[in-house]
Every structure is written in structure tokens, then in C-alpha cells.
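Hi everyone, thanks for having me. Let's look at this one together, and please keep the viewer open while I talk.

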Amino acid sequence: MSERVLLEMRQIDKRFPGVHALDHVDFKVRAGEIHALMGENGAGKSTLMKVLTGLYAKDSGEILLDGKPVSFHSPLESQRAGVSTIYQEINLIPYLSVAENIFLGRQPLNRTGIDWRAMEARAGKILAEMGVDVDVTQELRRCGTAIQQMIAIARAIFSDARLVVMDEPTSSLDEKETAVLFQQMRRLKEQGLAIIFISHRLDEIFEICDTVTILKDGKLVEERPVERLTKLELVSKMIGRDASDVLRRKNGGYDAAGKRTVLEARNVANEVKLRGINVTVRAGEVVGLAGLLGSGRTEFARVAFGQDGDYTGELEINGQPVRFKSPRGAIDRGLAYCAEDRKVEGIFPHMSVRENMTIAILPKISRFGILNAKKQDEIVERYIRSLNIKTPGAGQQIHNLSGGNQQKVLLARWLCMEPDLIILDEPTRGIDVGAKSEIESLIQEIAGRGIGVLLISSELEELVRNCHRVVVIRDGRNVGDLEGGSISEENIMERIAQGAAKEEGHENG
Amino acid sequence: MKRKTMNPMDILQKQGALLALAVLTAAAMIRFPVFRQTGNILNILRQNSMIGIIAVAMTLVILTGGIDLSVGAVTALSSVLAASLSGTNSPILILLLPIAAGTLLGFCNGLVVTKMSVAPFISSLGMMMIARGIALVITSGNSVPMAEVSKGWITAMAEASLLGVPVFILLFALVAAAGVYLTRKTRFGRDIYAVGGNEDAARMMGIQPGRVKIAVYALSGFAASLSGVLLASRLGSGQPVTCEGWEMDAIAAVAIGGTKLSGGRGAVPGTVFGVLILAVIKNMINLQGSLNSWWQSIITGTLLLAVILTQVFGERKGA
């Protein structure tokens with residue numbers, strides 16, 4: 001890392017109606033460093049980056065790139081100046097080929113126009129270097145999420161960038177893919193590029209970053225080299241309170257005696273991913289479903305919830321065999337499912353918090369098709385209070401809320417149906433540490449009320465903190481079952497790894 | 001690198017229009033000996049070249065996720081303008097001014113869609129009524145005959161041939177070729193797909209969706225008014241009330257050609273096949289004699305729905 005300052009943002013100020021989003025923030029990035037930008041959601045990270053890339057206009061302050069004052073009015077202008085961005089939500093074009101998505105806007109040209117052959121050859125080479133094995137001529141939408149994220153990264157870093165902004169690039173990657181990304185990041189760093197890295201995964205910050213800048217409520221808290229910072233210090237600075245209890249294990253023990261079984265899955269398999277999954281969840285129990293991305297976690301949840309009808313094996317709810325053809329049937333039997341991708345499968349962005357929360361129980365609170373508005377308001381107010389949802393009012397459109405609060409509204413939607421079993425698929429993905437901690441407390445509270453919880457998460461520490469029992473799956477089948485004190489990150493990883501070894505052994509034999 | 005695998009559904013989606021055209025043409029050739037005559041085939045092509053030119057540009061608009069309902073009215077207006085200006089006997093005024101006017105209308109349409117965020121359906125519906133209204137006001141609702149000074153050379157244009165191929169057909173071929181080149185080999189052409197595929201992502205990638213859209217609406221206006229000039233040349237007059245429903249025929253041709261109406265996916269050759277499919281169906285009904293021409297509408301509609309259903313089914317399979 002050199003001491004040459006590549007980017008300097010001075011006294012950046014930005015107000016939105018009712019919010020002081022950035023309050024005279026100073027931010028400095030040196031050439032050849034990976035700089036973490038940390039803060040809770042709403043702290044101003046994204047706003048600061050949008051001011052940098054020209055998506056937002058700043059109210060005051062100045063930006064110096066390589067010592068020269070710059071002012072970008074669009075992403076195009078900042079890209080031309082060498083500032084490249086990878087967004088948290090994958091921003092690619094589904095119907096264009098992989099190669100085009102990497103080169104769109106700067107396709108190699110020959111005398112007659114776009115040189116498709118050269119473009120595809122270069123794209124293939126770039127992705128091969130990144131360890132991504134994919135046909136570059138196929139449509140992007142045919143690629144999985146992780147591959148798409150790698151393609152977005154390839155697009156950003158193989159431009160003539162001097163500064164790469166990465167806004168939660170790892171949120172949809174598994175460990176191996178994250179490792180590949182980090183390898184690429186180190187390579188870029190050696191070439192003298194600067195990287196601004198935003199992630200909610202603290203481990204990643206300590207693994208890959210050189211410097212951390214922490215924002216809170218639109219103000220700069222501190223800039224400090226990573227080696228002089230502990231995890232706990234970082235968290236407490238981000239949330240601005242004593243963090244000693246933030247990362248603590250939340251649940252007590254679980255006594256199975258006398259509790260009824262709410263979900264029993266035996267040998268659930270389908271033609272796509274699942275090769276025989278066995279899961280039991282009892283009333284008031286939090287059961288984790290651990291495994292790598294693509295191991296069949298979400299697929300199992302979808303089958304259990306009646307979203308994917310074709311499967312073999314048996315499912316029992318409250319002791320009765322069931323075979324759901326649609327989520328409607330599952331809901332009627334007391335199941336709830338908070339999907340992984342809340343934007344796609346969860347929220348109605350332009351509807352109010354009130355409507356989003358009660359949409360599934362409208363028949364219950366209506367009479368002769370007419371809605372009982374008083375009852376609706378009662379329920380909505382109760383959950384806004386009990387889940388501590390931060391919203392100006394129940395009439396607020398949900399897309400104006402932060403990710404964590406949107407997630408809480410979704411939780412409330414399912415809770416007000418009073419389910420027996422709730423499946424939570426990555427409930428804390430993409431939300432900040434403070435909100436995460438609140439959601440985790442909620443999980444315990446839900447279980448405390450006697451509801452069974454099936455928790456799917458890629459974050460092992462989340463499983464360790466929250467679960468009474470963890471079922472580890474790999475390649476669509478069970479490879480381990482951990483309980484109580486034996487639940488630890490090491491044990492989970494070991495089960496996943498052993499599952500792999502067993503399989504190889506099987507193939508060799 | 002993994003190799004691609006083509007599933008049959010993909011092929012049906014991508015090449016369905018060409019297959020349908022081949023089957024229809026073969027059927028027509030077997031059933032109607034007259035169909036095979038060069039004269040008949042050239043006639044079909046010539047009659048449909050105007051709608052073909054419009055449909056090629058419509059493809060670009062639809063690829064961005066938009067729609068242009070004004071094209072029929074702009075074609076009529078352009079024919080009226082050409083006829084009204086025929087007294088000047090100036091080729092530049094008679095041929096280029098209507099085209100410039102049509103392009104300008106398309107440009108304005110694009111401005112309303114982008115700068116004022118009006119839905120393309122509404123914006124172009126308004127533009128359609130305005131263009132039709134202007135055409136009617138200029139002519140008081142009557143057809144405008146070409147002035148004698150220029151009528152000779154203007155109508156001769158419609159009959160002219162190059163190497164035995166009517167000029168109209170050559171123009172259609174030229175526009176189609178330009179459309180193919182634009183969408184395959186230029187960055188602007190690929191930006192069209194990007195904007196239609198995911199506008200936000202396109203913006204993040206440094207593409208300016210507004211400019212791309214304004215350009216395609218201007219091109220659509222250009223194509224419609226070019227057709228209008230050709231129409232005036234063929235009829236020897238300007239007609240304020242013609243071309244009603246051309247926008248729908250053009251959209252149908254684009255859809256039958258496999259371009260998705262939500263944008264981002266499709267191609268110009270498909271549209272050309274779509275235009276020809278509609279043309280062959282029409283010709284077959286004419287040659288058949290006993291079916292009246294309303295049947296054309298029923299057959300076209302059925303075909304259109306069949307194509308859309310294939311797309312929907314293919315999407316599901318692919319997902």
C-alpha cells in the first residue's frame with residue numbers, strides 16, 4: 001500500500017427530505033489498498049458511493065481523484081474516469097450473452113462493427129482466469145446467481161478502472177467463490193488499484209481489507225488500519241453502543257420432552273436437487289439447515305411449502321401426512337415461509353407497510369368481503385411496536401424502509417397468521433448488524449411462543465448463535481445432525497467437508 | 001469452456017417464424033399454382049414492403065420495451081404531405097420534407113416517453129391522434145391528388161425496377177439489412193437490447209437509456225413517413241384516412257417474428273419473416289376465393305396467440 005491518495009472526498013454533504021444522509025463526511029482512499037466502508041444500513045455508505053459515482057448530486061463538498069477535482073453527473077462519466085462499481089443487486093442484462101454482459105458499451109470493434117469472436121474469446125479467457133467455467137455465448141439468465149455475480153465482477157474489474165467500488169459483492173457467493181473473488185481483489189491491489197469494499201460479513205473485512213472507515217448516521221466515526229481494530233470494537237463503533245452482548249449466543253437449551261413434532265420430513269427427494277432429506281422440527285425449536293449454496297437448502301424449503309410439487313418421500317405436519325400442491329395448502333396447515341429474495345418473492349414495493357403486513361390474512365379480518373379496517377390497524381400497530389419496525393407510519397410505502405425493517409414487516413406478515421412452523425430463508429441477508437441482532441432476538445421470541453422455526457442461513461455463526469439443532473446437508477442429502485453444545489462453526493464445516501470426502505470415497509470404491 | 005446445448009424449444013422460439021413461413025409457402029405453392037408465378041411473388045413483396053419497413057423499425061422500439069401506435073397515422077400524414085407539396089415539383093420537398101416531419105414526430109414521441117416518463121402506449125396514442133388529426137385538417141378529410149407537374153415521375157417511382165426487382169422491394173430489403181446490421185454489429189444496437197432487458201442495469205453500465213429510446217422512436221417515425229411517401233407514389237395521391245390499423249399489423253408481425261413485447265429479446269429477421277407470413281396468408285385467402293378476407297384476421301390472430309403461447313411455454317421450460 002502506498003501513501004498516494006487516489007480518492008479524496010471532502011466535507012461531502014447531502015440531504016434528502018427529512019434526512020441528513022451525509023453530514024460533512026471526509027473519506028480518503030489510497031492507491032493499492034482495499035478500504036472497507038462500514039456502517040449500519042442508513043449510515044450513509046450507499047449514499048456516499050452514489051455521490052461518488054454520479055448517481056446522486058452532492059449538496060456541497062468536493063471530490064478529488066488523483067488530486068484533481070472531479071464532479072460526475074452520471075455513472076457513465078465516473079466510469080470513463082476509471083471508477084467502476086459492482087452493486088449488491090446484480091445489475092446485468094438477462095437476455096444478453098455472458099460475453100456481452102462483460103463488454104457491453106465497450107465491445108471490441110473491427111472494420112464491420114462489433115467483433116463477436118474476439119469478444120467471446122476475451123470473455124472466456126477472463127472468466128477462466130477467475131476460475132468460472134461457463135459458456136460465454138449462453139444467455140446470462142441461464143447462469144446461477146453466484147456465476148452472475150462473478151460476471152458482474154469480471155465486468156467491473158476488467159475495465160480500465162483505477163478505483164473499484166464493491167457494494168456487498170459476496171452476499172450471494174459461497175466460500176469457494178468468495179475465495180476466488182478475494183484472490184482477484186489481491187491481484188488488483190498489487191496492480192495499484194484501490195478497492196472500496198462494503199460487506200456485512202465482518203470476517204471478510206478482517207481477511208481482505210487494509211483500512212476501515214466507519215460511518216454512523218451520515219457522519220464519519222473513524223478511519224483506522226484494520227490491524228489496529230478488533231471485531232468487537234468495529235461492531236460497537238458501527239452501532240454506537242456497547243457491543244459486548246451483540247455477538248453472544250442467544251438461545252438457552254431446548255428440552256424436547258413432551259413437545260409435539262410440527263414438521264417431519266423423511267427422505268424428501270426430487271429430480272432437481274434433493275436426494276433424500278430428513279428434517280424434524282418440534283414446537284418451539286429452532287432448527288438450522290446448514291450447507292453450501294446450492295446444496296438444496298432452499299429447494300427443500302420450497303418443497304415443504306408446496307411451491308415445488310414434484311417430490312418423493314414423506315412430509316408430516318403436526319403428525320399428519322401431507323402432500324401440498326401449492327403454498328395455499330401449506331399456509332392452511334399452519335406453515336409460513338419467509339423467502340430468501342424478499343424483493344422477488346416477498347414485498348410489494350409500492351404498497352404500504354399496512355397492506356404488506358396483512359395481505360395474507362385479509363380474508364380472516366374481512367366479513368362478506370369487506371375489510372375490518374379497525375382490526376387491521378390493531379394488528380399492524382401491534383406488530384410495528386412489538387417488532388420495533390422503524391417506519392413513519394403504517395401507510396408508508398414499504399420500499400422506503402431499510403432492508404432490515406422490510407424484513408421485519410415480512411416476518412410480521414407470517415406471524416400474524418399464527419403459524420405452527422415458520423421457515424426463514426436467509427432472514428438477515430443484506431441487512432446491517434443492528435437489525436440483524438434484532439431479527440435474531442425475534443427468532444428466539446418466536447420459538448419461545450411455541451412456534452417451530454426452520455432457519456436457513458449461509459452464515460455459520462448465525463446458526464451457531466440461534467439454533468437448538470443444526471441439520472447439515474450437502475448435495476441434497478443429510479450429512480450431519482448437531483445438537484446443543486456440539487453446534488459450532490468448526491463442526492458444521494467439518495460435517496460439510498466429511499460429506500464431500502465420503503462421496504469421493506464412494507465414487508472411488 | 002462449457003459448450004452450449006440447444007433444446008428443441010429454443011430452436012422453435014428462435015426459428016419458429018422461419019419454419020412457419022417455409023411451411024406456409026410450401027403449402028401455398030402446392031395448393032395454388034398461381035402463387036408460384038414470379039409476378040405474384042414480386043407483387044406480394046411489393047404490396048407488403050411498406051408495412052415491412054414500418055415493422056423493422058417497430059422491432060427496435062419493442063426491443064427497448066416500448067411500443068409505437070402512431071406509425072399508421074404518421075404514414076397517412078406523410079402521404080398527405082407529399083401530395084400537398086407535389087405542386088412544387090421539387091423532389092427534395094416532396095420526398096424529404098414528409099420524412100423529416102415524420103422523424104420529428106417520432107423524436108417528439110421519444111422525448112415525451114423519456115423526459116416526461118409517459119408510458120409509450122399513451123404517448124404514441126396521443127401522437128397517433130395528433131398525426132391523424134393534422135392529416136385530416138390539412139386535407140379537410142379528402143384525398144389529395146398529385147399535381148400534374150410531378151405526378152408522372154412520382155408514380156413512375158412505384159413502378160420502377162432495378163435488375164427486374166421493384167424499387168419498393170429493394171428499399172424494404174435495404175431497411176431490413178440496415179436493421180440487422182444495426183442490431184447485430186453496432187454498440188447502439190446492443191444498447192437497445194440492454195435497455196429493453198434491464199433498464200436500470202443498462203444505466204449502471206454507463207448506457208444512457210433516454211438517448212437510446214429517443215433514437216428508436218425517431219427511427220420509427222422515419223420508417224413510417226418513408227412508407228407514407230412510398231404509399232403516395234403508389235396511389236398517386238395523399239390519403240388522410242388510410243393505413244388505419246397498420247400499427248397493429250406491424251406489432252403483430254414483430255410478435256409473430258418472436259420478439260418479446262416486454263423488450264430485450266428478439267431480432268429483425270424474425271420480423272421480416274413475420275411480415276411475410278402475414279403476406280402469404282393474405283395472398284392464400286385471395287387465391288382461395290371462397291373465403292372472404294375477414295378470415296385473414298381470424299387466422300392471423302390465431303397464429304399470433306400460438307406464437308405467444310410458444311414463448312410462454314418456452315420460458316417456463318427454460319427457467
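This is a predicted model: local features need pLDDT of at least 70, side-chain atom pairs count only at pLDDT 80 or more; totals for chains, interfaces and linings use all residues.

Helix 2 of chain B, residues 38-63, and helix 7 of chain B, residues 167-185, have axes that come within 8 Å and cross at roughly 25 degrees. In general, two packed helices are described by the angle between their axes and the distance between the axes. Are these two roughly parallel or roughly antiparallel? Angles under 35 degrees count as roughly parallel, so helix 2 of chain B and helix 7 of chain B are roughly parallel to each other. As for handedness, helix 2 of chain B passes helix 7 of chain B in a left-handed crossing.

Which residues make the contact? On helix 2 of chain B, they include Leu42(B), Leu45(B), Arg46(B), Ser49(B), Met50(B) and Ile53(B). On helix 7 of chain B, you can find Phe168(B), Phe172(B), Val175(B), Gly179(B) and Leu182(B) among them. Sorted by type, the residues of this contact are 14 nonpolar, 4 polar and 1 charged.

If you like to picture a box, the C-alpha atoms of chain A fill one of roughly 70 × 60 × 50 Å along the principal axes. Of the 509 residues in chain A, 54% count as buried. Take the contacts in chain A with a separation of 6 or more: 66% of them are between residues 24 or more positions apart.

Most residues other than glycine have a negative phi. Here are two with a positive value. In chain A, phi of Asn388(A) is near 55 degrees, and this residue lies in the loop between helix 13 (373-386) and helix 14 (403-415). In chain B, phi of Cys243(B) is near 65 degrees, and Cys243(B) is in the loop between strand 4 (237-238) and helix 11 (246-256).

Is Cys243(B) buried or exposed? Buried means under 20% relative accessible area, and Cys243(B) has 6% relative accessibility, so Cys243(B) counts as buried. Asn388(A), at 38% relative accessibility, counts as partly exposed.

Key:
Residues are numbered from 1 along each chain as its sequence is written. Chains are lettered from A and ligands numbered from 1 in the order in which they are written. Side-chain values use heavy atoms; hydrogens and water are left out. Axes are lines fitted to C-alpha atoms, for helices over the stretch in contact, and angles run from 0 to 180 degrees between N-to-C directions. Helices (H or I, at least four residues) and strands (E, at least two) are DSSP runs, numbered from the N terminus. Angles under 35 degrees count as roughly parallel, over 145 as roughly antiparallel, 65 to 115 as roughly perpendicular and the rest as oblique. A crossing is left-handed if the near helix is turned anticlockwise from the far one by less than a right angle, and right-handed if clockwise. Contact means heavy atoms within 4.5 Å. Ala, Val, Leu, Ile, Met, Phe, Trp, Tyr, Cys and Pro count as nonpolar, Asp, Glu, Lys and Arg as charged, and the others, Gly among them, as polar. Buried means under 20% relative accessible area, exposed over 50%, partly exposed in between (1.4 Å probe, protein chains only).
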